[in-house]
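Please look through the structure below before reading on.

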Amino acid sequence: MQQTPSSPAAIIPHSEGVSDDEFRAAMARLTAGVVLVTARDPEEGPHGEDVGMTATAFMSVSLDPPLAMVSVRNDSRMEELLERQPLWAASVLSESQRQTAGRFAMKGRISDKLLFRDAPHTRGEASGALLVDGALAAVECHTEQRVRAGDHTLVIGRVIGTRLGPDGAGPLTYFRGRYRRLG
């Protein structure tokens, strides 16, 4: 059914498109999975440093070749690191890992080194990035393409390794601005 401007449900867009608040409200109704994206910064400190970031904009892109994509905010520490470091990983968080997701999503947080100390993990064999223990799955990637898109960069990586976690756990999801359990 096509709506006319006089119908009560008609939406008249902002002169430049929709407002930030309108866009956020609409996208908040899309349920997303939650991942912890990690990479090792070899240039930080004498032994390198691990960096992590919570993301809800993560997806499978292709089966042949196997590609995955994450969206990272421009000028963030992770965006800057993934511009130099092609190896990274994403751990698909389970519903019991809400605290891990929240801690790595905080602005002005303590160092990632301290956060990783409280999150059990292993180092991925293919990427060298940290993989969260107990995650539903993890994929290790090598960046093939970066696409600037507004205030974010889409990082597309070839999947070079995977790890499956426990079968019985449910996924951590994000809906209407909050972490949620499925079901």
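Is Phe-104 buried or exposed? The model shown is a predicted one, and in it Phe-104 has a relative accessible area of 2%, so this residue is buried. The cut-off for that word is a value under 20%. Phe-116, at 5% relative accessibility, counts as buried too.

These residues also bring us to the ring pairs. Two aromatic pairs turn up in a search of the whole structure. In the pair of Phe-104 and Phe-116, the ring centres are 4.9 Å apart and the planes stand at 50°, so the pair is tilted. It links distant parts of the chain, with Phe-104 in helix H3 (residues 98–105) and Phe-116 in helix H4 (residues 112–117), 12 residues apart.

On the surface, Val-18, Phe-23, Met-27 and Leu-30 make up a nonpolar patch, and together they have about 410 Å² of accessible area. Leu-30 sits in the loop between helix H1 (20–27) and strand S1 (32–33). Its relative accessible area is 55%, which makes Leu-30 exposed.

Next come the strands. Strand S10 (residues 152–164) runs antiparallel to strand S5 (residues 67–73), and seven bridges join them. Here Arg-73 stands opposite His-152. Strand S9 (residues 137–149) is also antiparallel to S10, with 12 bridges between the two. Arg-146 stands opposite Val-155 in S10. S9 and S10 form a hairpin with two residues between the strands, where Gly-150 takes a positive phi near 65°.

Arg-146 leads on to the charged side chains. Side chains of opposite charge can pair when their charged atoms come close. The whole structure holds 12 salt bridges. One of them joins Glu-79 and Arg-146, whose closest N and O atoms are 2.6 Å apart. This pair links distant parts of the chain, as Glu-79 belongs to helix H2 and Arg-146 to strand S9, 67 residues apart. Glu-79 is buried at 3% relative accessible area, whereas Arg-146 is partly exposed at 28%.

Arg-84 forms a salt bridge with Asp-41, the closest N and O atoms being 2.9 Å apart. Because Arg-84 lies in helix H2 (residues 77–84) and Asp-41 in strand S2 (residues 35–41), the pair ties together parts that are 43 residues apart in sequence. Both residues belong to a network of salt bridges that links Asp-41, Glu-43, Glu-80 and Arg-84.

Asp-21 and Arg-24 give another salt bridge, with 3.6 Å between the closest N and O atoms. They are three residues apart in helix H1, and therefore separated by about one helical turn. Asp-21 is exposed at 58% relative accessibility, and Arg-24 is exposed at 55%.

Methods. Residues numbered from 1 in each chain as written. Predicted model: local features only at pLDDT ≥ 70, side-chain atom pairs only at ≥ 80, totals over all residues. Heavy atoms only, no water. Phe/Tyr/Trp six-rings, centres within 6.5 Å; stacked < 30°, edge-to-face > 60°. Helix = DSSP H or I, 4+ residues; strand = E, 2+ residues; numbered from the N terminus. Buried < 20%, exposed > 50% of the residue type's maximum accessible area, 1.4 Å probe, protein only. Patch = residues over 30% accessible without salt bridge, like charges linked within 9 Å, V, L, I, M, F, W, Y side chains within 5 Å. Areas by Shrake-Rupley, 256 points an atom, 1.4 Å probe, with all protein chains shown as cover. Salt bridge = Lys/Arg side-chain N within 4 Å of Asp/Glu carboxyl O. Pairing = 2+ DSSP bridges.
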